[in-house]
Amino acid sequence: MTQIASKKELSFEDFKTEVLNDYKIAIISRECSLLGRREVLTGKAKFGIFGDGKEVPQLAMAKAFKNGDFRSGYYRDQTFMMAIGQMTIQQFFAGLYGHADIDHDPMSAGRQMGGHFATHSLNEDGSWKNLTLQKNSSADISPTAGQMPRLLGLAQASKIYRNVSGINNKTNFSINGNEIAWGTIGNASTSEGLFFETINAAGVLQVPMVMSVWDDEYGISVHAKYQTTKENISEILKGFQRDNENKGYEIIRVKGWDYPALVTAYEQAAKIAREEHVPVLIHVQELTQPQGHSTSGSHERYKNADRLAWEADYDCIRQMKLWMIAINIATQEELDEIDNAVKKDVLEGKKAAWSAFVDPIKKEQKELVALLENIAASSENKVFIEKLTSDLASIKEPIRKDIIVTARKVLRLIAKENGKNQLAQWITAYIEKIQPKFSSNLFSESTQNVLSVEEVRPEYAENAEEVDGRIIIRDNFDAIFSKYPETLVFGEDAGNIGDVNQGLEGMQEKYGELRIADAGIREATILGQGIGMAMRGLRPIAEIQYLDYLLYAIQIMSDDLATLQYRTRGKQKAPLIIRTRGHRLEGIWHSGSPMGMIINAIRGIHVLVPRNMTKAAGFYNTLLETDEPALVVECLNGYRLKETMPVNMGEFKTPIGVVETLKEGKDITLVSYGSTLRLVEQAAKELLEIGIDAEIIDVQSLLPFDINHDIVKSLAKTNRLLVIDEDVPGGASAYILQQILDEQNGYKYLDSKPETLAAKAHRPAYGTDGDYFSKPSVEDIYEKVYAIMNEVNPEKFPNLY
């Protein structure tokens, strides 16, 4: 689409050409929606959710959207993507069919349903493209308002780039911070807490964000009167309007069917946000949704006749047509001609997308049919194989499930026959070829992944002093901020006081309020700041004050950050570091260790659990050389414990996915992590006094877990295993046990039942006694090990109870 400052600068003929081009894009998008619904109802596609009724405001938004800008929106924005040249008709239908090929469905390679949009920020090798030379869309997610936290970070990146000097490779990501982050959301989703949290945070931070609310008065079937106070989101947000005394928002209201007013509104919003770094809310009212919410139902069920008639009359494309005819841009006949031509183009694009999707599968179908016919000829189960083969061959439009299911069923029939090996090899090769289409890129596959960084050990002077652990983490952060100008940290109490445990003491004074920043009590948008800034080339460290508070942000971590590389098939990344602290504090709300919940919710993010501050500092140093996100859980009771001061701050690196043996032993392997290790070490000393020699292994990293399979090597020596942690029963200890037994085949070496020792199922009660009776103690560990050894040698270790 041609970028213009104002239609007043154009001749009428140029203006006419541009408007007609806009109209054509709107009609293409509408026809895609209409035909897309039919594709779902005929069974070719599984589900559809479309942008019909929202076309004209999205055209206006696209005009104001420039290279380097970012969109963080939702599943109605297909017209916008077409208008900025980032989606074709064929690609629209490829996404609808779930085509598992990034060249055909560049949005997600079939990993998300249609309507979830993204552009490619990365080259094939995982390196950054120059994002200032293209129009960018961060990858959408389905959870309502889930796009909001990320939007905040995308906008904040411009503020950082404009005001922080010395950032490496800055011009690949920003031109003087002039880029806008554009958000879109449906009116009903503004009821979500994430919307209000983000709106408030953006007003506080004063970042270049333009937030569009597409308002059609409904949320699926629920009218706005049940959604929003006063039935009007801009009305209740009037208090955010800036004035001469107070910073805030510029709030603009505009009718969604009024093309010239929309163009003016978006030009005005872009100018304010881009030049002044002031957030803008555009409330786009009186929109329609001609086909209802999705292909799952009909809006005739919940809209009355008057509403349906109004929607037909005020459909934005119809109103645009009337306006074009009224000011002599085109006649009805000329517009009909465009409509008819577009219908043909959309139909041809749909056919091309379907052929591209189904033809490779048909080829695979024929290949297997030929193989099975050959196998059947000499099989004792010929009749059954021929039936399965015939059924497969008769499927006119197969999917890959049809193919592989047939192959595996036949394999059962010939398990004792000569043809088995040929079919087994075919199945193995087929799965190896097809499975990555659905499973790759959960983690980085570039040369900058976490496994590519070599360990660098801390170095110590001969007269190295013993210092509080917080001094090590503080001085290491100092080295990091000096070495990497693109790093920044933000969170509750992270700035002025240098975090509650003084791990950032003095950093704000040295590096400034933009790089070492306090944040409000709003964990979800702290995460969102980090995601958005990381997507634009910065290296943010988002601090969540306590591990328990991570629950406020777990949805954003799980649905957005953890899936980003996967849902874009490696075309976007956000190497965000999340810093928090946990374990062993006393009380329900500050001492939970919900590690099992975390590691199972955020696959796609590395989870690191260092036992002391030196190990934690080494993890930060490692992560800053990688392109992957990670959560680092520092030991909350370790900041005042003494550690030896290294001399190579910022340089030593803790390897990720590698365990460490803290004590060698021959009788039993004790596996743990974090603060609990100190209890394990004490228990091991006491056990040694009675002749039980325990080997202690520090996991260090839960995701990834023991990539060298060192734990199973320990089991080969000790033949016994106890996993100890302070999560609930069946939490992280169960995960660790599964990794050792299933992944490492550790069961082969066990002479005793493998056991776990976790905390109680309830949250820890307050006080020292509450801690003792809620979590594993030294005595618990001692007695658990003793009981295992009692089974081995009851004479030497008689029952204690």
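How far apart should the ends of helix α13 (residues 400–413) be at 1.5 Å a residue, and how far apart are its end C-alpha atoms? The legends below take up this helix first, in a predicted model.

**View 1. Length of helix α13.** Helix α13 runs over residues 400–413 and holds 14 residues.

**View 2. The buried and exposed faces of helix α13.** Six names mark the buried residues of α13: Arg400, Ile403, Ile404, Thr406, Ala407 and Val410. Around the helix axis they cover an arc of only 155°, so they sit on the same side of α13. Lys401 and Arg412 are exposed, on the face turned away from that buried side.

**View 3. Asp698 in strand β19.** Strand β19 spans residues 694–698 and contains Asp698. The relative accessibility of Asp698 is 0%, which means that the residue counts as buried; the cut-off for buried is under 20%. From its side chain, Asp698 reaches the backbone nitrogen of Gln700 at 3.0 Å.

**View 4. The surroundings of Asp698.** Leaving aside residues up to four places away in sequence, Asp698 touches Arg611, Val659, Glu660 and Leu662, among others. Its contacts also include Ser672, Tyr673, Gly674 and Leu677.

**View 5. Domains of the protein.** The protein is divided into domain 1 (12–330), domain 2 (360–437), domain 3 (466–644) and domain 4 (662–792). Taken over C-alpha atoms, the centres of domain 2 and domain 3 are 50 Å apart.

**View 6. The whole chain, for context.** The protein has 26 helices and 22 strands. Its C-alpha atoms fill a box of roughly 100 × 85 × 45 Å along the principal axes. What radius of gyration does the protein have, against that of a compact globule with 801 residues? The protein has 30 Å, whereas such a globule would be near 28 Å, so the two agree. Buried residues make up 60% of the 801 residues. Among contacts with a separation of 6 or more, 79% join residues 24 or more positions apart.

Note on methods
Residues numbered from 1 in each chain as written. Predicted model: local features only at pLDDT ≥ 70, side-chain atom pairs only at ≥ 80, totals over all residues. Heavy atoms only, no water. Domains from an automatic or database assignment. Helix = DSSP H or I, 4+ residues; strand = E, 2+ residues; numbered from the N terminus. Expected span 1.5 Å × (residues − 1). Buried < 20%, exposed > 50% of the residue type's maximum accessible area, 1.4 Å probe, protein only. Arc of directions from axis to C-beta. Polar contact = N/O pair within 3.5 Å; in protein donor to acceptor, adjacent residues only side chain to side chain. Contact = heavy atoms within 4.5 Å. Rg over C-alpha atoms; globule rule 2.2 N^0.38 Å.
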